[in-house]
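I opened the model today and kept short notes. Here is what I looked up, entry by entry.

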Amino acid sequence: GRAARNKAASKQASASDLEKKRRAKVRVEHLLEKADVFRQFLDPSVVADSAAAKHTESKNARRRLTEREGDEAFMKQMQSKEVIPRLTAKETAGLIQQGEMRAYQVDGLNWLIRNHHRGLNGILADEMGLGKTLQSISLLAYLHRYEKLTGPHMVVVPKSTLGNWMKEFARWYPQLRVVNLYGNKQERELICERDLLFGKFDVVLVSYEMAIKEKATLRKFSWEYLLVDEAHRLKNENSLLSQIIRLYDSKCRLLITGTPLQNNLHELWALLNFLLPDVFGDSAAFEAFTCVAEAGSESLVATLHAVLRPFILRRLKVDVERGMPPKTELTVYCPIAPLQQKTYKDVLKNNGDVLNGATGGRTKLLNIVMQLRKAANHPYLFDGVEDKSLDPFGEHLMEESGKLRVLDKLLPRLHGQGSRVLIFSQMTRMLDILDDYCEMRGISRCRIDGQTSCEDRDRQIEEFNATKSPHSVFLLSTRAGGLGINLATADVVILYDSDW
């Protein structure tokens, strides 16, 4: 028994090594063909071998080939020609259930399939709201149906999006057996013993925290695909999350992020190093090469585009969603209430030395800016300003803030025309005031901020999006936004404190 298992494991490891070597060869050949820029990063021996082969070919090309040599060369060319499957919209309709993929999503899926066949890892960086989750799941569905690859795959996501990912898998391709590795220590042990067994699952879904805590269990598997959602978290290669995820053995990797790459060469290298450590192994070499041209010059931009082109897919809504109704932006200028004006002046008077540059530095100045923003939003954000002798749910709540006065006139009008409203604020305490306001006016609302649990978060999103939902307002802090929140049933967004 043990000898047979060891033999089988050895055979599997040998096959895995051969597959890795094959994929590495295909990847290097593709990169060398794609752009000369990659010769700067690849192993010198690989480049030398490639150059020697080309030299031999050019040398042999000086004489005429015999008929047999010509036939052999032609057959070799035909056999080595890259054949990459491409799904049509009709085929994806049979693959994905409960809906149809849009044209740009089909293009995204085919880009992922092409990268898979070329052994390239990539970054799916579409703008938020274009369906990166669907495109990622459709890739795993393609592998399952057409390539007969049942995994195992690992998907690493923020804790707040675990529920959303589980629902998306169940909605789009329920044939995949998905295990959600989450819970306390005893619950996770039970999941590992009962469900996380080779052959009993196709996909394991883990949060960042679980990817770190359960590394001993997860490292036992050789993963077919490793997907990381909100992948800009890996831009620091020295972070614990980045170091742990790099330990996992995976044939393919996909980073999913709606946040464009910043103008930081080292952070860009960290992501590319995670995708292709054998190509982008040295950050100093990468930064030295890309900095040959002056920062910001056209040659540097062109070089970076050449480096990124094979690995990143980035589309914007304005480019691909032509059928979307146009977005109308309206800036509403609000008056300032007397108490707000007094609070605002008090902040400036008490910090005159800092504002005049006599004392303090950047940190103190930023703190003053934050205090002024509070005064412009609502004076009750300052402790001791509100008169505690007054009714906490009295009209003074609106009267003491110009913005809240305008909002109090705006919401009934929006509600009357059948609109459903999202209200964003960066300050959680401002959401508390807005919560009290909604309570006063009898407005049914939902609320998500940084302290909302995953269960409450998913429940409220479902309730708000439900047909004939009683909720007309959804309060959100910007810290809670952007992570798997789908509130497409709303048609108006109010940014409460974006301008002051």
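Is Cys252 buried or exposed? I found Cys252 buried, because its relative accessible area is 1%. Buried means under 20% relative accessible area, exposed means over 50%, and partly exposed is in between, with a 1.4 Å probe and protein chains only.

**Ground rules.** I am working with a predicted model, where local features need pLDDT of at least 70, side-chain atom pairs count only at pLDDT 80 or more, and totals for chains, interfaces and linings use all residues. Residues are numbered from 1 along each chain as its sequence is written, and side-chain values use heavy atoms, with hydrogens and water left out.

Cys192 is buried, with a relative accessible area of 14%.

Next I traced the strands. Helices (H or I, at least four residues) and strands (E, at least two) are DSSP runs, numbered from the N terminus. Two strands pair if DSSP finds at least two bridges between them. Seven strands make an open sheet with parallel pairing, and I wrote down the order as 3-4-2-5-6-1-7. Strand 3 (178-181) and strand 7 (312-313) are at the edges; each has a single partner strand, so one side of each lacks a neighbour in the sheet.

I zoomed in on one pair. Strand 2 (residues 153-157) and strand 4 (residues 203-207) run parallel and are joined by five bridges. Val157 has Ser207 in strand 4 as its bridge partner.

**Glu209.** I moved on to helix 9 (residues 208-213), where Glu209 lies. Glu209 counts as partly exposed because its relative accessibility is 37%.

**Lys132.** Which helix holds Lys132? I placed Lys132 in helix 6 (residues 132-145). Lys132 is buried, yet it has no salt bridge. A salt bridge needs a side-chain nitrogen of Lys or Arg within 4 Å of a carboxyl oxygen of Asp or Glu. The nearest side chain of opposite charge is Glu230, at 6.5 Å. Lys and Arg count as positive, Asp and Glu as negative; His and the chain ends are not counted. The Lys132 side chain does reach the backbone oxygen of Asp126, at 3.1 Å.

**Strand 8.** Five of the five residues in strand 8 (residues 421-425) are buried. Val421, Ile423 and Ser425 sit on one side, with Leu422 and Phe424 on the other. Strand 8 runs parallel to strand 10 (residues 473-477), with five bridges between them. Phe424 has Leu476 in strand 10 as its bridge partner. Four bridges join strand 8 to strand 11 (residues 492-495), also parallel. There, Leu422 is partnered by Val493.

**Ser469.** My last stop was the loop between helix 22 (454-465) and strand 10, where Ser469 is placed. Ser469 is buried, at 17% relative accessible area. Its side chain reaches the backbone oxygen of Glu463 at 2.8 Å.

Notes:
A polar contact is a pair of N or O atoms within 3.5 Å; within protein, one must be able to donate a hydrogen and the other to accept it, and residues adjacent in sequence count only if both atoms are side-chain atoms.
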